[in-house]
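Student: I have a chain open here and would like to go through it with you. Could we start with confidence?

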Amino acid sequence: MLENVVEFFKNLPEKTCVQCGKKLEEQSECYSHSCEHCNNH
Ligand SMILES: [Zn+2]
């Protein structure tokens, strides 16, 4: 079960910040589509 979840996240496309275009390394669900820097604004 856990391995399936890992594979799922591995197959996700790279997320980039919609505001500055920075690649998002975090795969946290709490982040929408912006990097931590832009979220703090
Ligand atoms: Zn950003």
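Student: Where in the chain is confidence lowest, and where is it highest?
Tutor: This is a predicted model. Confidence is lowest in helix 1 (residues 2-10), with a mean of 81, and highest in strand 2, at 86.

Student: And what is the mean pLDDT of the chain?
Tutor: The chain has a mean pLDDT of 78, and 80% of its residues reach 70 or more.

Student: Changing topic, in what order do the elements run?
Tutor: The order from the N terminus is α-β-β-α, that is, 2 helices and 2 strands.

Student: Where is Ser34 found?
Tutor: Ser34 lies in the loop that joins strand 2 (23-24) to helix 2 (36-39).

Student: Why does Ser34 count as partly exposed?
Tutor: Ser34 has 18 C-beta neighbours inside 10 Å, so it is classed as partly exposed; a buried residue would need 20 or more.

Student: What percentage of the chain is made up of buried residues?
Tutor: Of the 41 residues in the chain, 2% are buried.

Student: Back to Ser34: which residues is it in contact with, beyond four places in sequence?
Tutor: Those contacts of Ser34 are Cys17, Val18, Gln19 and Asn39.

Definitions and conventions
Residues are numbered from 1 along each chain as its sequence is written. This is a predicted model: local features need pLDDT of at least 70, side-chain atom pairs count only at pLDDT 80 or more; totals for chains, interfaces and linings use all residues. Helices (H or I, at least four residues) and strands (E, at least two) are DSSP runs, numbered from the N terminus. A residue is buried if 20 or more other C-beta atoms lie within 10 Å of its own, exposed if 12 or fewer, and partly exposed in between; C-beta atoms are placed from the backbone. Two residues are in contact if their C-beta atoms, placed from the backbone, lie within 7 Å. pLDDT is the predictor's confidence in each residue, from 0 to 100.
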